[in-house]
Amino acid sequence: MASNTELQKKPAVKLEHVTKKFGSKTVIDDLSFEIYGGEVFGFLGPNGAGKTTTIRMIVGLMRMTHGNIFIQGHSIKNEFKQAMRQVGAIVENPEMYKFLTGYQNLVHYARMIPGIGRERIMEVVKLVDLEDRINEKVKKYSLGMRQRLGVAQALLHRPSVLILDEPTNGLDPQGIHDLRNYLHELSRTEGVAVIVSSHLLSEMQQMCDRIGIIKKGKMIGVETVSDFMEEGSGKVRFSVDNGQAAAQAIKENLSLDAVSVEAEAIELAIGHEQIPEVVGTLVTGNVKIYGVVPVTQSLEDRFLEVTGGKGIG
């Protein structure tokens, strides 16, 4: 398997100045970003921001007005077939023949793709952990099992890019947990670039390596999940032996008011570069310091902050 460093030399998906207009209305405005093999990329945005439109353009279901999209270096404008061979996708709920078994569904789909035999079918069945149930009729499957079968179907032709639009819709907590683990395993061991769009921000926080947030058709940021949440807080927590004494020393010497004061901790709204100065002040004031950590928001808190409190959907 290629290392993450090797995989990231070349983007698996690249959008260049992608614009989509419906009449005079611009719904996607000059969108540019890259996604790499071996990562789970979360695509977030408020209702009507343009997530589904962008995904439909990436998978070839909708034409862009301007710009270009490349899948493993192939332009979907000029090399559509080569580009789409690299893509597996589930847009909303996967459609299956409920009166066929899971295995029969995969065989039916595999007939449309040259070179897919029983060996490959069983490989993807094992990957999504359906070996014990693959010969049962799909009508007996839970929604989570159908989602896993959908992922298996999307992976049959060995795509290097997997796109899932709202893959957790209707799943119970165990199903969501299982899907998250499958996607991590897929990206890490197979080097697949996984793109996920979901309104469940708590799950996206655990599932994704990086996120891109779109608002009114414009990309307002692409960052790792941890960096995105840390940036939003602007607060640092100091674990100390005496919170009141620490707050007093900081106020008297640095003219800073603590955001919160506890018996054995204080939080300050300061920049990273101010931490040494605060530590020095506390040491001089005979306050014992046991820990210094940035305060991270949840992905949901940070998302609402940068989008102006608009809900996601």
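The legends below describe an overview and several close-up views of a predicted model.

**Figure 1. Overview of the predicted chain.** The chain has 313 residues, and 47% of them are buried. Its secondary structure consists of 12 helices and 14 strands. The C-alpha trace extends over about 75 × 50 × 35 Å along its principal axes. Of the contacts between residues at least 6 apart in sequence, 68% link residues at least 24 apart. The accessible surface amounts to about 15,600 Å², with 47% of this area on carbon and sulfur atoms. Side-chain charges number 36 positive and 38 negative, and 11 Å separates the centres of the two sets.

Figure 2. Strand S6 covers residues 87–91 and includes Gly 88. The relative accessibility of Gly 88 is 2%, so this residue counts as buried, the limit being under 20%. Beyond its neighbours within four places in sequence, Gly 88 makes contact with Ala 154, His 157, Pro 159, Val 161, Leu 162 and Ile 163.

Figure 3. Ser 187 counts as buried because its relative accessibility is 0%. Its side chain is joined to that of Arg 188 by a polar contact of 2.9 Å. When residues up to four places away in sequence are set aside, Ser 187 touches Gly 38, Glu 39, Val 40, Val 192 and Val 194.

**Figure 4. Close-up of the aromatic cluster of Phe 33, Phe 41 and Phe 43.** These three residues form one aromatic cluster. The structure contains 2 aromatic pairs. Phe 33 and Phe 41 form a stacked pair, with 5.6 Å from centre to centre and 5° between the planes. The pair counts as stacked because 5° falls under the limit of 30 degrees. Phe 33 has a relative accessible area of 6% and is therefore buried. Phe 41 is likewise buried, with a relative accessible area of 0%.

Methods: Residues are numbered from 1 along each chain as its sequence is written. This is a predicted model: local features need pLDDT of at least 70, side-chain atom pairs count only at pLDDT 80 or more; totals for chains, interfaces and linings use all residues. Side-chain values use heavy atoms; hydrogens and water are left out. Helices (H or I, at least four residues) and strands (E, at least two) are DSSP runs, numbered from the N terminus. Buried means under 20% relative accessible area, exposed over 50%, partly exposed in between (1.4 Å probe, protein chains only). Contact means heavy atoms within 4.5 Å. A polar contact is a pair of N or O atoms within 3.5 Å; within protein, one must be able to donate a hydrogen and the other to accept it, and residues adjacent in sequence count only if both atoms are side-chain atoms. Accessible areas come from the Shrake-Rupley method with a 1.4 Å probe; for residues, only the protein chains shown count as cover. Lys and Arg count as positive and Asp and Glu as negative; His and the chain ends are not counted. The place of a charge is taken as NZ of Lys, CZ of Arg, CG of Asp or CD of Glu. Rings of Phe, Tyr and Trp (its six-membered ring) pair if their centres lie within 6.5 Å; planes under 30 degrees apart count as stacked, over 60 as edge-to-face and the rest as tilted.
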